[in-house]
Structure formats: C-alpha cells, structure tokens
Amino acid sequence: MYQFARKALFHLDPEKAHHLALKSIRYSDKLALSQRVIDSLACPLTVMGLEFSNPVGLAAGLDKDAECIDGMAALGFGFIEVGTVTPRPQPGNPKPRMFRLPEHGALINRMGFNNKGVDHLVRQVKQSRYTGVLGINVGKNFDTPVDKAVYDYLTCMRKVYPYAGYIVINISSPNTPGLRELQHGKYLDELLNALKAEQAVLEAKHGKRVPLVFKVAPDLDDDEIEEMAQQFLKAGIDGLITTNTCASRQGVEGDKHAKEAGGLSGAPIFDKSTQVQEKFYQYLGESIPLIGVGGINSGQRGLERLEKGAKLLQVYTGFIYEGPGLVQDVVGAIKAKA
Ligand SMILES: Cc1cc2nc3c(=O)[nH]c(=O)nc-3n(C[C@H](O)[C@H](O)[C@H](O)COP(=O)(O)O)c2cc1C
C-alpha cells in the first residue's frame with residue numbers, strides 16, 4: 001500500500017510531501033498498524049536504563065515539533081525522537097531546502113533547524129498519549145554564536161527534562177553555521193562539563209535521571225573519533241548517536257541534485273556511517289551504548305549495524321522510501337536472528 005502512497009507523494013515537492021505525510025499520520029488512524037501487528041513487533045530490551053518495546057526508532061528531524069508522536073507510535077516504532085528544537089522558534093533556511101535522489105534512495109537537506117521553539121514542543125509532548133521512550137533532540141538557534149551555544153542547550157535541557165525519556169545534544173547538523181565545531185577540543189569539553197553538571201542538578205530537582213546522549217557526524221577521521229571518544233568516556237555520557245547526515249557526495253556523483261548544499265542521507269551513506277559507528281565502538285566498547293542511524297533501509301542493514309556495536313537503531317530516509325514496512329522488516333530480521 002505504501003508504494004501507492006509513495007508514488008503520489010513523490011509527485012509533490014519533497015517538503016510539501018513531508019507535511020502532507022505528517023498530517024496524514026497525525027489524523028488518520030487508518031494508517032496505524034493493527035494491534036496484532038504492533039504486538040508482533042514486540043522485541044523488548046533495556047538500554048540506558050530505559051525499556052524499549054523494540055530496537056527500531058524514528059530518527060530526529062521528521063517530527064521536529066513533536067506534533068505526530070501518537071501517529072508515529074501507531075506505526076510500530078520502538079521509540080521516537082522529536083526535534084531538533086531550539087530555544088526560540090526559527091524559520092530555517094530559504095526553500096527549496098530538501099531534495100530527493102530517488103535513484104540512490106537518498107535525500108539532501110539543508111533545512112537549518114526550522115522549528116516552532118522549545119515551548120511549543122513541550123506543549124505538544126504534554127498533549128501526547130504516548131507512553132514509550134521519547135527522545136528529545138535539542139540544538140542552538142541559528143544566530144547564537146558558537147561560544148554561547150552552551151546556554152541554548154542548557155535552556156532547552158531545563159525545559160524538556162521533565163518530559164524526556166532521553167535528551168539528545170545535537171552537535172552534528174551540517175546546516176547551522178559553526179555547529180560541528182562543538183564536536184571538538186575545548187568546545188566539546190566545555191559543553192560536556194556544563195551539560196553533565198546540569199543533568200545532576202536536574203536529576204536532584206525532578207527525582208529522575210534522564211540519559212544524556214550526543215549525536216555526531218559521519219565526517220570524522222580516525223584521530224578525531226579517538227579524541228572525541230576519550231572526551232565522551234571522561235565525561236560519562238549515557239549514549240551516542242552515530243550518525244547525522246553526510247557532507248560528502250560519495251555514491252551520488254552526477255545526480256542532478258548532487259551539488260545542492262546540505263547533508264546527504266539514505267542508502268549512500270550507510271558504509272561511511274557504519275565505519276564511524278564501528279570506530280567509536282572500538283574505543284567505547286560497552287561503556288557507552290551506540291544508537292546506529294544512517295542508510296538503514298532493510299532488515300539486513302539493520303542487523304549489520306547491530307553486529308557492529310549498535311544497541312538501538314533509527315531510520316529516517318529509509319522510512320521515506322520504504323514506508324512503515326521498514327520497521328517490520330528490521331524488527332522481523334532481528335527476531336529471526338535471535
Ligand atoms: C530532511 C531531514 C531533516 C533532518 N533533521 C534533523 C534534525 O533536525 N536533527 C537531527 O539530529 N537530525 C536530523 N536529520 C538527520 C537524521 O536524523 C539522520 O541522522 C540522518 O538522516 C541519517 O539517517 P538516514 O540515512 O536513515 O536518513 C535530518 C535528516 C533529514 C533527511
């Protein structure tokens with residue numbers, strides 16, 4: 001059925017199709033899987049002290065404003081991540097800013113954290129009936145200087161803490177100037193120290209511990225990965241998401257959209273994203289759980305990421321191309337292997 005919906009959606013401009021699909025997911029319970037199918041996706045596991053109904057989650061960026069949590073849950077995801085949200089609402093980059101590369105099962109986007117702000121997101125989360133694990137992914141506003149970014153993360157963290165299953169510190173989107181500088185050296189140390197200290201304060205205040213997870217780019221060399229891994233271990237973060245979208249155009253050269261600015265996602269980034277995850281796993285071992293995301297579009301690819309160190313998985317572009325059946329494929333492959 002999704003193949004028909006996809007055909008219609010792919011006739012539209014990608015961003016219009018995105019909004020239409022989100023609206024349908026929000027309002028149509030016909031899209032929801034039957035309880036029998038949802039039950040068949042049960043594959044429970046505990047990671048970061050949280051209980052997940054299955055290991056396949058929705059990646060950040062699809063439901064930036066947390067307006068579709070219940071609809072997404074009805075599609076069978078084992079967990080849902082909303083955001084990236086910033087302290088103040090912002091429009092993002094000028095359109096067009098999302099491009100399909102259907103021959104490659106890929107997207108290029110330079111959305112630039114378009115979102116309605118953290119207060120709106122919190123209101124949406126409060127209205128949702130969802131009882132599963134909800135990740136809330138936070139970032140900095142476009143016009144916040146990099147050396148003040150920590151205050152934007154702190155603002156968002158304080159506001160979302162009572163409502164989040166885990167909080168993601170996004171330091172890896174390629175479309176916010178300077179953001180990726182936060183992945184390195186003194187900036188990363190300062191961020192880790194400030195946010196870990198705040199986590200302890202908020203834990204005492206709210207009487208619950210919310211895991212702090214960082215999300216990194218795939219465009220990192222081995223030395224950078226080793227240095228970052230040491231910093232993450234020293235700070236004692238609770239989880240790491242590998243990876244965000246890719247700056248490289250490897251695998252899509254010659255496509256009419258290949259030269260568009262932004263991050264590449266989907267099938268062509270699978271190998272690069274997996275290599276970066278594997279390298280982090282080499283340094284972090286079992287100390288910091290990894291959430292594998294980037295190019296997962298089949299059960300086989302999901303299994304490969306788990307074999308290479310991930311405890312949980314997320315999908316975005318594969319979900320756009322394959323539809324909700326992807327969650328069933330990946331969970332099915334995991335259960336068949338168990
Ligand atoms: C249109 C679009 C918007 C995205 N927005 C965000 C975002 O706001 N925050 C974030 O952390 N990742 C964002 N991502 C990255 C995805 O969460 C994911 O890490 C990346 O696309 C790789 O996974 P995939 O190949 O399954 O898409 C976005 C991706 C796409 C395609």
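Me: What makes the 8 strands a barrel, and in which order do they pair?

Reply: The 8 strands close on themselves in the order S3-S4-S7-S8-S9-S10-S12-S13, with parallel pairing; two strands pair if DSSP finds at least two bridges between them, and strands (E, at least two residues) and helices (H or I, at least four residues) are DSSP runs numbered from the N terminus. The model is a predicted one, in which local features need pLDDT of at least 70 and side-chain atom pairs count only at pLDDT 80 or more, while totals for chains, interfaces and linings use all residues. Residues are numbered from 1 along each chain as its sequence is written, and side-chain values use heavy atoms, with hydrogens and water left out.

Me: How do you know that S4 and S7 pair?

Reply: Strand S4 (residues 79-85) and strand S7 (residues 133-138) share 6 bridges in the parallel sense, and the requirement is at least two. Within this pair, Val85 has Val138 of S7 as its bridge partner. Helix H5 (residues 118-127) lies across S4 and S7 and runs at about 160° to S4. H12 also packs on the sheet, where it touches strand S3 (56-58) and strand S13 (310-315), and its direction makes about 155° with that of S3.

Me: Why is H10 called oblique to H12?

Reply: The axes of helix H10 (residues 299-307) and helix H12 (residues 325-337) cross at roughly 60° and come within 8 Å, where axes are lines fitted to C-alpha atoms, for helices over the stretch in contact, and angles run from 0 to 180 degrees between N-to-C directions. Angles under 35 degrees count as roughly parallel, over 145 as roughly antiparallel, 65 to 115 as roughly perpendicular and the rest as oblique, which is why H10 is oblique to H12. The crossing is right-handed, a term for a near helix turned clockwise from the far one by less than a right angle.

Me: Which residues of H10 and H12 meet?

Reply: Gly299, Gly302, Leu303, Leu306 and Glu307 in H10 meet Asp329, Val330, Ala333, Ile334 and Lys337 in H12, contact meaning heavy atoms within 4.5 Å. The residues of this contact divide into 5 nonpolar, 2 polar and 3 charged; Ala, Val, Leu, Ile, Met, Phe, Trp, Tyr, Cys and Pro count as nonpolar, Asp, Glu, Lys and Arg as charged, and the others, Gly among them, as polar.

Me: What makes H8 oblique to H9?

Reply: Helix H8 (residues 222-235) and helix H9 (residues 270-284) pack at about 45°, their axes 9 Å apart, and this angle therefore makes H8 oblique to H9. H8 passes H9 in a right-handed crossing.

Me: Why is the contact of Asp143 with Arg88 called a salt bridge?

Reply: The closest N and O atoms of Asp143 and Arg88 are 3.0 Å apart, and the rule asks for a side-chain nitrogen of Lys or Arg within 4 Å of a carboxyl oxygen of Asp or Glu, so the pair qualifies.
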